Amino acid sequence: ITTGLVSLLVVADLGVTDAMVREVARLRSMQDWTRMRRTILSCSIYVAFVIVLVGLVTYPLIHLYLGRVIHHDVTLRIDVLILNSMIIVALNTVAVGLLGAIEGFEHYNLRLVVTACGSSLLVASSYYFLPRFGTIGISLSYMVQSIVNLLVAVFIVRNLVPKGHSRDSHFSLQEVRQMARIGVPMRLGGLVNLTYEPITRLLVARFGGIESAGIYEAAVRCGVQVKAMIVACIQVVVPRFSALAVNGTDALRSLLQVAYRITGLLVVGALPLLLLSTPLISVLLLGRLDAKFQLFAEILSVGWLINALAAPSSFANLADGRLFWNWLSNVCAAAINPAVGLVLGRVYGAIGVVIGTACALTSMALIAVIARRLTAKDRIPRPGAGAVLLLMIAGLLVTGRFIVSACSSDKLTILETSLALSAFFALIWLIIAFRSIKRMVHDAGAAKP
């Protein structure tokens, strides 16, 4: 509870850590090393200072709340946990900004080094602190991890950024303001996104009961986690987008086309695979074939993976500063979700609420892609032959799986059919997509500022 409350302090950084990747990539393209050093230093100092300051201001409120929900005998322990949590959040937020700077140099292997070092020390320190200090030992272990992450990230960034005169590296409020202009819309969009699941969860519970809400909790993870993996694959283009946007060349449009095609191939493969394997997922998560879980998972997977198609346009808007459209798409989806959910929920119950969420996610993708097309004049590529072939095969296999599930009452037959069709489609997807994605990745690497 303590860590969860204190972690809300990260909102006070005004999103400057989120904007670090873009700004470092832009300055790297311009080879403005002096300003890059000043930007990184200014944002790191600002983030640490403002989180600690806001933490001290809100400390009485946090302590008052925790004092009411936790037994009074552990008041001293709560004080220590709050203090440790504030320090951990401040250190981690600064480290996240430095990791963004490393991403701006497109050294993702070094980012992995930072994470690996911190995780290793977390495990090692846990063996020492937990037996001796109990609950406080957990916070001490996380503090060790955050300190190691920060130190390793500082060492790497100092070696990546060319050295200059010490007088050039000083705190600049102007650089913080510049970063906040990009970071605030990003942070607001992230806060709006946080409303989807709580609102949907409440509406599902209202129209379908607690059991439906529990099933929703399990079903939504399928689409969310697969979408997160797809977006993580595409997110690596952000530094290159930002660098290409400096000169306003056609290379940005070319790279955006490649990103669209890669995203499309990933979605065309992942979505049918989820639809084919929902019976297997139901048995793995719930221990039984649950029709409601399968229907929830299928509807939400369609919504979340269609939403993933907008990732390239959102990243391109971030690179060239068109963040208003990202924010607008988030706000529109946040408004559509409860509105459609309430209407359909009254008619179809919990299923209607889930359909409303899928509609909201789809609308977010449509607004982001269409706005990018109209404002930046970027062409949306047509699906290639491989994607069309995958869609045709997926349509046949998914239809066959639905027919078997509807006509057969034998659970073993349904599971065997799901497993066989999923394995077959996964093999076809790998064969068709491997060469296409390899060629696209080569084209993306050739796009230079």
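Tutor: Let us begin with a definition: two residues are in contact when they have heavy atoms within 4.5 Å. By that rule Ser-242 touches Arg-22, Ala-25, Arg-26 and Ala-319, not counting residues up to four places away in sequence. Please keep in mind that this is a predicted model, in which local features need pLDDT of at least 70 and side-chain atom pairs count only at pLDDT 80 or more, while totals for chains, interfaces and linings use all residues. Residues are numbered from 1 along each chain as its sequence is written, and side-chain values use heavy atoms, with hydrogens and water left out.

Student: Why is Ser-242 called buried?

Tutor: A residue is buried under 20% relative accessible area, exposed over 50%, and partly exposed in between (1.4 Å probe, protein chains only). Ser-242 has 0% relative accessibility, and therefore counts as buried. Its place is in helix α9, where a helix is a DSSP run of H or I with at least four residues, a strand is a run of E with at least two, and both are numbered from the N terminus.

Student: How many helices and strands does the protein have?

Tutor: By those rules there are 16 helices and 0 strands.

Student: Why is Glu-175 called buried, and what does its side chain meet?

Tutor: Glu-175 has 6% relative accessibility, and therefore counts as buried. Its side chain meets that of Arg-35 in a salt bridge, at 3.3 Å from N to O. The pair links distant parts of the chain, with Glu-175 in helix α7 and Arg-35 in helix α3 (residues 33-69), 140 residues apart.

Student: What makes a pair a salt bridge?

Tutor: The rule asks for a side-chain nitrogen of Lys or Arg within 4 Å of a carboxyl oxygen of Asp or Glu. Side chains of opposite charge can pair when their charged atoms come close. The count by this rule comes to 18 salt bridges, and a network of them links Arg-22, Glu-23, Arg-26, Arg-35, Arg-38 and Glu-175.

Student: How do you know that Asp-378 and Arg-253 tie together separate parts of the sequence?

Tutor: Their side chains meet in a salt bridge at 3.0 Å, N to O. Asp-378 lies in the loop between α14 (350-376) and α15 (385-407), and Arg-253 in helix α10 (residues 251-286), so the pair ties together parts that are 125 residues apart in sequence. Asp-378, with a relative accessible area of 4%, is buried, whereas Arg-253, at 36%, counts as partly exposed.

Student: Why is Glu-103 called buried?

Tutor: Glu-103, in helix α4 (residues 75-104), has 13% relative accessibility, and therefore counts as buried. Not counting residues up to four places away in sequence, Glu-103 touches Val-21, Tyr-108, Arg-111 and Pro-239.

Student: How do you know whether the radius of gyration of the protein agrees or disagrees with that of a compact globule?

Tutor: The radius of gyration is taken over C-alpha atoms, and the globule rule is 2.2 Å times the number of residues to the power 0.38. With 449 residues, the rule gives a value near 22 Å, and the protein has 24 Å, which agrees. Buried residues make up 48% of the 449 residues.
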